[in-house]
Structure formats: C-alpha cells, structure tokens
Amino acid sequence: MRGISRVAETDELHRQRVLERRLQGMGLEAGLLPGGRAVVATLPLGAEPFDTPDGPRVLRAARFYTIGHDRIKCMAPRALFQLAPIRIGGCDSAAHIETRIREAWDARMRTLRDAERWLASLGIGARAHGTPVLSLPLGLDDERAHAAVVEPGRVILPSVGALAGHALADPSERVFEPAVATGTELVIAITVRMEAIARGRRVAPSRRTIDVASDLPAPRNAQTAPVLLVGSRLATAHALHESLRLRGFQVTTVNAASAALEVFQSQSFGLVITDARLDRADGIELVPALRGLPGVLDLPVVLLDERTSDARRAAAKSAGACGYLSGPLDASRLATALAQIASERKRRRFVRYACAVSVSWPACRTPLVTAEVGRGGVLLRGTAATPTRAQFALHLPETRVTLHVDAETAYRLREGPDWSADGVGLRFARFEPGEEADWIGYLSTLPVAKSAAGSAGSDEHPNAD
C-alpha cells in the first residue's frame, strides 16, 4: 500500500508540472506549491469592470490555485474568493480562463440578487460589502456573529457564538435551510439551530495516529518549511528523507546536538525533529538551547522516542517541545504527521526586528523599505505591487552589502484593486549560497522590536515569522 501511495504522489506531481508548464505557456506567472499537489498562478485581467454589489469595479489580476487537472479556486482579490471552483478544461489561453472566471462571477451575482429579493420579502436589508455573499448580523454578544446568505433560502452558519470552538464532522452541517415567513423568525431560527448543534457536540481534540504530547491548532494551509533532522538514527533514515521531500520539505541532517546549534548560525529552519536520545546529549535539552539562539523565538521542535515514556513526554512538553512521537520509525506515517505539524503551527518561529532595509526586485522602479525584518522574511512598507514570486535584493544599510534571496509574497495588508497594498509580507525561500549566514549575522546586531506579537515576513498572515 505504501508503494501504491508513493506512485500516486509521483503521478500527481507529474500532472501538476504539466499544468504548470501549460499555464506558463499562456503567459501566466505560475509555480508549484511545496509538495507539488497544486499550482498557484496569477492571471492579469482585462479593463472591463466586474459588476459588484458596490458598483462596477476593475480587478487588475486574479490569483488562483489548481484543483486536480481541470479546476481552479480563486484566492485573490477577496471579491473572487467566494466563487466555487471553476472548470478550465479545454481552455487554451489566458483570455479563455478569464472568460470562465467572469462567467462564474456573473452567475454568482444573479444568485446574489435573488437572495437579496428573498431577504427583502422577509423585511431584511442585507449588504454584500464587495463580495458575492450577503452578511446577516444576528444581534449576538459577539459582533462577528454574522450568517452568510449565499442563495434564496440557504444560510451558512458562523463559526463564532454558540459554535465557537466546536469541530463539526462535515462542513455541510453549517448549511441551514430555514422555513420562515419574517426576518425575525429567520434570525431566531438561525440562533436556535446554532445552539442545537452546540448542545449535541463537545469541543473535539485533534485526532492523531501517533502519540503527540501537545494539542495543535487547526490546519491553515499546506505551506511547509526547511526541516532539520538531528541524530544518527534520523540522519540515516533515507526513506523518511524521501517521504519528507515528496511533501515539499527541504531536508538537512546532523548527527549531534552541537552540530544542530552550529548549523543555525548560517541557516534557518521552520521545524526541527530530534531523536530524544542522542549519543552524548538528551534531545529534550536541545529544545531550550535552540530557542536561545539569535533570532529564534518559538521554534517548533518534535522529539522522537523509540520507547514510550510518560515521564519523558511530560519533560518534553515542559521544555517547550510541540510534539513527542513514540514508537518504531514509520517513514510514511511520520512524514505525514510532521507535514501536519508544520502547516498547523500558528506561533511565530522567529524574532522580528524593527529595521529599515531597502528591497528591490527585477522591473522594480522604486525600492521599498522594510518596517520589520526576521530570519523568515520581511514586512515592507509602501504601495508597490510586488510580484508573487521573484528574486529580491536586500540592500543592507551602513555595510553597503547586497544579499539576494528567492521569496514569495505571503500577504498584502489592505489590498487595493490593482494589487497594491499598504504593507507587503515577503516569505524567504532560498538565499544565494553563503548569503543566509550574512543575513543572520546582520540580524544579530539589531535590537528586538518592542512588540512581542506579530512578525516580519513569517509563515502566517499577518503575523509571519
């Protein structure tokens, strides 16, 4: 079964690479996501405005990811996010894909107007606020408690209020089709339905197939990170290395705790996996040692133990490890668990520093200046529309040194219709050889920003590493 799964992963990677080349051949900026299970692409849009609930609006570009080989899901701008997946089978040009997106939008707007008329018949005037979904306030203590009306007679329940913290077995449980005659009856029916669902459920912990010491937050995306494996057993676990690489990880191995601390002087990792029983040290002791390194804040560290021990599990959690996995080394199962831990991590991994560094990229007319910098990326000030992926130049002040790093735009603050923004978060992918050590050395000379929350260019939006 493991061999069949690996063949399926390889086939899917091949299909996505073919799709990536196809989109690039249409003139789109496109690239594989880590793990190769989808392609992210940016499609420039024509000047014809979209008919939005707030009036005509020109959208300069659409960003989407692929689902399988013939569907796409729009991610940005926010107005397009609510569209259902769109089939692009048979599309032979960028213009053809744009036509499919506009057709989906027009169909969604017709449904939205039908929903507006349904609510009006109940005496309710709801607004869409620029997106093809009507927002219906429920009058609860939590001001975020708004139901979403997507079509006549069909409501999506919010995940706040009575349903806050409750894990539903299926997303369809949030879909409610009330039979009501007035707006008051509609609001009452929605709140009663939410309370009924909440009474029938308990807050469900995350299920694990292997022993994990601490609860982890819900998944946010499939973004993975460079991973460091520590210990001779892990360094020679070639099947594990292969499984991790198939899931998009960049794998580095060292044999000892001292070597792990040393490699962090020249490279940053988003996740560390260490054997709990190292040759001359205890893996648990490595956890606080790693977090004491310059620029490191709350790095996720997972300990692997051949033997289950309640005492060592408690010690690992006390030391700050985000996971304690015990039992035989099963490469495929372990790689899946680590990929989940990496994608679920919401705490900031790296320290952020308030610092002004000039940043430029190919075709950049005026360089932007950073507000904050860190091991994992930077937060840029300014209104320029940065590319989705590119090689960026970091011009260090005073030293007059320029470093080069491949990076992607992780998020945009207060995004405009032309993809400009008040702030842009860049996530680093790979420095030119030897230059990451120079960047880390530069960061070690900076004072830590006063704010302990949020981060420059981290893995999360907007509090990135």
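Gln82 touches Pro132 and Val133, leaving out residues up to four places away in sequence. The model is predicted. The protein has 465 residues, and buried residues make up 49% of them. Its secondary structure comprises 11 helices and 23 strands.

- Gln82 sits in the loop between α2 (78-81) and β7 (86-87).
- Gln82 has a relative accessible area of 40%. That value lies between the 20% limit for buried and the 50% limit for exposed, so Gln82 counts as partly exposed.
- Pro132 is 50 residues from Gln82 along the chain, yet their C-alpha atoms are separated by 6.6 Å.

**Nonpolar cores**

- The largest nonpolar core holds 50 residues. Those with the most contacts inside this core are Leu23, Leu80, Ile97, Ile101, Leu186 and Ile190.
- Helix α3 (residues 94-121) supplies the largest share of this core, at 9 residues.
- A second core is separate and has 26 residues. Val359, Val424, Leu426 and Phe428 are among them.
- In soluble globular proteins, nonpolar side chains tend to be buried together.

**Leu186, a residue of the largest core**

- Leu186 is one of the residues with the most contacts inside the largest core.
- Neighbours within four places in sequence aside, Leu186 contacts Trp118, Leu119, Leu122 and Ile124, among others.
- The contacts of Leu186 also include Leu136, Val155, Pro178 and Val180.

**Helices α8 and α9**

- Helix α8 covers residues 283-291, and helix α9 covers residues 310-319.
- The two helices pack with their axes 9 Å apart, at an angle of about 5°. Angles under 35 degrees count as roughly parallel, so α8 is roughly parallel to α9.
- From α8, the residues in this contact are Ile284, Val287 and Pro288. They meet Arg312, Ala315, Ala316 and Ala319 in α9.
- By type, the residues of this contact are 6 nonpolar, no polar and 1 charged.

**Whole-protein figures**

- Counting contacts between residues at least 6 apart in sequence, 58% join residues at least 24 apart.
- The protein exposes about 22,100 Å². Carbon and sulfur atoms supply 52% of that area.

Methods:
Residues are numbered from 1 along each chain as its sequence is written. This is a predicted model: local features need pLDDT of at least 70, side-chain atom pairs count only at pLDDT 80 or more; totals for chains, interfaces and linings use all residues. Side-chain values use heavy atoms; hydrogens and water are left out. A nonpolar core is a set of buried Ala, Val, Leu, Ile, Met, Phe, Trp, Tyr and Cys residues joined through side-chain atoms within 4.5 Å. Buried means under 20% relative accessible area, exposed over 50%, partly exposed in between (1.4 Å probe, protein chains only). Helices (H or I, at least four residues) and strands (E, at least two) are DSSP runs, numbered from the N terminus. Contact means heavy atoms within 4.5 Å. Accessible areas come from the Shrake-Rupley method with a 1.4 Å probe; for residues, only the protein chains shown count as cover. Axes are lines fitted to C-alpha atoms, for helices over the stretch in contact, and angles run from 0 to 180 degrees between N-to-C directions. Angles under 35 degrees count as roughly parallel, over 145 as roughly antiparallel, 65 to 115 as roughly perpendicular and the rest as oblique. Ala, Val, Leu, Ile, Met, Phe, Trp, Tyr, Cys and Pro count as nonpolar, Asp, Glu, Lys and Arg as charged, and the others, Gly among them, as polar.
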